Number of protein chains: 2
Amino acid sequence: MTDLTETVRSLVSNKRFSTLRDLFATMNAADIAPILSDQKESDLPLLFRLLSTETAAETFVEMSPAEQEVLIRGFSDTELKAVLDELFLDDAVDIIEEMPGILVPRILKAADPESRNLINELLKYPEDSAGSIMTPEFVSLSPQETVEEAIGEIRRTGLDKETINVCYVARADRTLVGSVTIRRILLSEPDQRIGEIADTNVITCQTTDDQETVAQMLSKYDLIAMPVVDNEKHIVGIVTIDDAIDVLQEENTEDIEKMAAITPSDRPYLETTVSSLFLHRIPWLLLLMITSTLTELIISHFTDKLSFFGPIASAMLIACIPMLMDTGGNAGGQSSATVIRGLSLGEIEFSDFFRVIGKELIVAVMSGAVLAIVNFAKMILVNVILYHYSGPDLVTYIVASITISLAILLTILVAKFSGSMLPMLAKKIGFDPAVMAAPFITTMIDVTSLLLLFGLANLILQRL
Amino acid sequence: MTDLTETVRSLVSNKRFSTLRDLFATMNAADIAPILSDQKESDLPLLFRLLSTETAAETFVEMSPAEQEVLIRGFSDTELKAVLDELFLDDAVDIIEEMPGILVPRILKAADPESRNLINELLKYPEDSAGSIMTPEFVSLSPQETVEEAIGEIRRTGLDKETINVCYVARADRTLVGSVTIRRILLSEPDQRIGEIADTNVITCQTTDDQETVAQMLSKYDLIAMPVVDNEKHIVGIVTIDDAIDVLQEENTEDIEKMAAITPSDRPYLETTVSSLFLHRIPWLLLLMITSTLTELIISHFTDKLSFFGPIASAMLIACIPMLMDTGGNAGGQSSATVIRGLSLGEIEFSDFFRVIGKELIVAVMSGAVLAIVNFAKMILVNVILYHYSGPDLVTYIVASITISLAILLTILVAKFSGSMLPMLAKKIGFDPAVMAAPFITTMIDVTSLLLLFGLANLILQRL
């Protein structure tokens, strides 16, 4: 990629435009876009003129909003119209939504009147709704048509549709009654009616449905497109699989960001400004820092009493705190990540609450026991190698080791329990489960593990 | 969903089979499968007989391997053959790969000879390769054919193909020369040659390519299917978008699991056994627990010297450890999650190394400064409310607060630097960047932050 960027740069500076035109003709829009992004901004409109109209439109869609703005400002009205005519309407709407207000009237003016009306309609749907990602460019057939008539109609109008693989069957008032694949049409007799061969059991969504739900339905039912209907069951558009994949990938990124205590942003990393990165991260860091102040108060409170336990035990208790907290945080993070992912893939529902908690608790007992035993063995080994305690000191050391190992076991139980329960509860009460991930769970478990550690120390060590 | 499960259960126990048949006829395979999963295992073969052949095959694909095994054992040879005939070959191969060896000969025997040979070929491709997810059921046209002949051929053979939306143009020796959409064919004149209307600039992958790379290419180029070629450029199959989505979702789940210190498994949560959950989690918990033992040694080493700093400062240093570690871990986790996701979406390349590190360091300075200042302000406030130190004690308190705040600033710098650098280095040397996520980064930063804290204390507090 980088080599081609250099090649293009030198071809531009040597004004070898016909070579550039031939080069671009062998390439795909998705590969041309990143190369153009690396060129001088002022060369962009010039370079665009070397692309075929179709490739130009496809490449335009792949550019960043900032670059699209430069291009729109650089285009003549005729060029802008040529690109707009080639764009699918859903892409045009996405682009217009990102443009500064001052450019929008010029863009709308360049669109033909029919597209302009449709674009204006699409702009009204709420962000992240099915309406906002659908396109009105689908093939609509009448149930009374014959297969032969339908093929004729597809031949006449198909070029402007985003997909002809699935056609939708609607009455004259646009009420959706079924769908029929182009495959089915081609395999049927020319005089059969579309209504006879259509599949009436068609999966639809509403304009106001959440885009993530719609994308997951496309994935679940292995669909290439899904019709979007309004409240009166009139078909108003379709959501195509390529847009659904983009939505799924965006939602995955959002989940990962939330799980890492970052407010999601919708731009690629390298296009995000430093101040935007900062603003998306600092609130969570601050919140979590302030929250973990609680651990300071707990430790301050107990350190006063540590002298009761004698120097060996109190040093051991202090020294084990980070290990205890990390282990608890990791164990809780495993559970919460698993449950959050299961919820977002629809593999886990709230009705599975007790099954999930049950499973996690058994895993917690198993993991906690292994970790506690390994920790105890390690502490004994450390004494053999480093400390060589004996007599009453050895007894204190062993009892303190047991106390710490028990604290690990109990911390793992609490960690796995809250790590699996909190995301499900969050979902139930309408919050995003992804915020109940490692950073939050860790802070919560820090406090719990300290209370468990000092509580156990009070119970066990004070009896020595 | 749960209500329908109950309804089906009571219909089964009342032997209302014709009602069940009518009910299933209105439903989609993706919705029938989970309901059947909740029925008694012994009823499964019976319930399958109520589905139409096509729905039965589609539902079969959606069931878990364990349920598929029950069904295959329960099917007569004729029933098994009927389901196999309806399956696409790539799905058949996926199912066979999950079955115990003893069932495989019976399944292969039920397939027709041609399918059996193709299945045997597909079974040879390595796991997670393009070859293992492709299907050989695509439409292949000759460049010499006319559009009319091609339409005739599609009508004759299209029913068995996984997609007819894109047809592939190959010479007699199967060398791929281009692709042509059904849309393009329908919109062309009947006497045009396929070779003339085909797009020769076709994006392909190799049988041995990684399935994730292939799935991302389908998404990047907005393709519905991608041809898979062997070393001699012969087309051997296609990867379709529905399988690509499944691969993308699986890989996303794997990334999230690795980022939460879990060895990935490929089964849905509720179908995973407790012992499998345990085995996928315990190695990382153990490894990280043992690694964080290092923090115990550091604290033990320094607590001996804490008395130099006086009681106020030493208590403050001990108490702030969890807060310091959590804040560092969260900051590092933010950077690593962002970079890991950027790498896996292809938004960040290794060549962006210095740009990424530069950005992260600026964000680190900004975040570190804010967190250090807020922490200092908070500590002053705590003194006003809780401790009321004055005179030399107040000086010690303020100097210790400054020490801790500086440790936060430096920890954030190290955290963001290593959180962004390590995933990129891991990728460069061929490891999965996702293992360089929060749990690993946290453990590493724990050690660093302790060394920074005690180092600064030595430098600053000892001068008091």
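1. Ground rules. Residues are numbered from 1 along each chain as its sequence is written, with chains lettered from A and ligands numbered from 1 in the order in which they are written. As the model is predicted, local features need pLDDT of at least 70 and side-chain atom pairs count only at pLDDT 80 or more, while totals for chains, interfaces and linings use all residues.

2. Domains. Chain A is assigned domain 1 (2-124), domain 2 (140-247) and domain 3 (292-463); such bounds come from an automatic or database domain assignment. Taken over C-alpha atoms, the centres of domain 2 and domain 3 of chain A are 54 Å apart.

3. The sheet in chain A. Three strands form an open sheet in the order 1-2-3, with mixed pairing. (Strands are DSSP runs of E, at least two residues, and helices are runs of H or I, at least four residues, numbered from the N terminus; two strands pair if DSSP finds at least two bridges between them.) Strand 1 (140-141) and strand 3 (176-181) of chain A each have a single partner strand, so one side of each has no neighbour in the sheet. Strand 2 (residues 166-170) of chain A runs antiparallel to strand 3 of chain A, with five bridges joining them. In that pairing, A:Val166 sits opposite A:Thr181.

4. The sheet in chain B. Here the order is 4-5-6, again an open sheet of three strands with mixed pairing. Its edges are strand 4 (205-206) and strand 6 (235-240) of chain B, each pairing on one side only. Strand 5 (residues 225-229) and strand 6 of chain B are antiparallel and share five bridges, and B:Pro227 faces B:Ile238 across them.

5. Helices on that sheet. Helix 15 (residues 211-220) of chain B lies across strands 4, 5 and 6 of chain B, at about 140 degrees to strand 5. Helix 16 (residues 241-259) of chain B also packs on the sheet, touching strand 5 and strand 6 of chain B, with about 65 degrees between its direction and that of strand 6. Axes are lines fitted to C-alpha atoms, for helices over the stretch in contact, and angles run from 0 to 180 degrees between N-to-C directions.

6. A helix pair within chain B. Helix 3 (residues 29-37) and helix 5 (residues 53-62) of chain B pack at about 60 degrees, with their axes 8 Å apart. That makes helix 3 of chain B oblique to helix 5 of chain B: angles under 35 degrees count as roughly parallel, over 145 as roughly antiparallel, 65 to 115 as roughly perpendicular and the rest as oblique. Among the residues that meet are B:Ala33 and B:Leu36 from helix 3 and B:Glu58 and B:Glu62 from helix 5 of chain B.

7. Between the chains. There are 91 residues of chain A in contact with 91 residues of chain B (C-beta atoms, placed from the backbone, within 7 Å). On the chain A side, helix 19 gives the most, with 18 residues.

8. Helix 19 (residues 310-344) of chain A packs with helix 22 (residues 438-460) of chain B at about 170 degrees, the axes being 11 Å apart, which means the two are roughly antiparallel. The contact includes A:Pro322 and A:Asp326 on one side and B:Pro439 and B:Asp446 on the other.

Conventions
Two residues are in contact if their C-beta atoms, placed from the backbone, lie within 7 Å.
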